[in-house]
Amino acid sequence: LGLRVVGRDGRRLSSRRAFWRAVLGVATLGLGVLWVLVSRKNKSLYDLVCGSAVVYEWRANLPETRQNL
């Protein structure tokens, strides 16, 4: 999908924060994502509690070129 979960500083999310973010997701049956609809910064409930952010991570995939011989 081209998305990555990072800490507030943009660095890799620590194992502890990733664990608690996953626990919150399971405990709320994923309903914490609905907070994005009313959040001005488009953050889910999990992001607010765990200090994380979801960012786009797009990598350019150049099409393969064929050489005619």
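Q: Where does leucine 31 lie in this predicted model?
A: Leucine 31 sits in the loop that links α1 (15–27) and α2 (45–50).

Q: Why is leucine 31 called exposed?
A: Its relative accessible area is 54%. Exposed means over 50%, so leucine 31 counts as exposed.

Q: What makes the nonpolar surface patch?
A: The patch is made by Leu29, Leu31, Leu34, Trp35, Leu37, Val38, Leu45, Leu48 and Val49. It covers about 970 Å².

Q: How many aromatic pairs are there?
A: The count comes to 2.

Q: Why is the pair of phenylalanine 19 and tryptophan 20 called edge-to-face?
A: The ring centres are 5.1 Å apart, and the planes stand at 75 degrees. Pairing needs centres within 6.5 Å, and edge-to-face needs an angle over 60 degrees. The pair is therefore edge-to-face.

Q: What makes tyrosine 56 and tryptophan 58 a stacked pair?
A: The distance is 6.1 Å centre to centre, with 15 degrees between the planes. Planes under 30 degrees apart count as stacked. Both residues, tyrosine 56 and tryptophan 58, are exposed.

Q: Why does phenylalanine 19 count as partly exposed?
A: Its relative accessibility is 48%. Buried means under 20% and exposed over 50%, with partly exposed in between. Phenylalanine 19 is therefore partly exposed. Tryptophan 20, at 47%, is partly exposed too.

Q: Which pattern does the protein follow along the sequence?
A: The pattern is β-α-α-β, with 2 helices and 2 strands.

Q: What share of the residues counts as buried?
A: Of the 69 residues, 22% are buried.

Technical notes
Residues are numbered from 1 along each chain as its sequence is written. This is a predicted model: local features need pLDDT of at least 70, side-chain atom pairs count only at pLDDT 80 or more; totals for chains, interfaces and linings use all residues. Side-chain values use heavy atoms; hydrogens and water are left out. Patches are made of residues with over 30% relative accessible area and no salt bridge: like charges are joined within 9 Å, nonpolar side chains (Val, Leu, Ile, Met, Phe, Trp, Tyr) within 5 Å. Accessible areas come from the Shrake-Rupley method with a 1.4 Å probe; for residues, only the protein chains shown count as cover. A salt bridge is a side-chain nitrogen of Lys or Arg within 4 Å of a carboxyl oxygen of Asp or Glu. Helices (H or I, at least four residues) and strands (E, at least two) are DSSP runs, numbered from the N terminus. Buried means under 20% relative accessible area, exposed over 50%, partly exposed in between (1.4 Å probe, protein chains only). Rings of Phe, Tyr and Trp (its six-membered ring) pair if their centres lie within 6.5 Å; planes under 30 degrees apart count as stacked, over 60 as edge-to-face and the rest as tilted.
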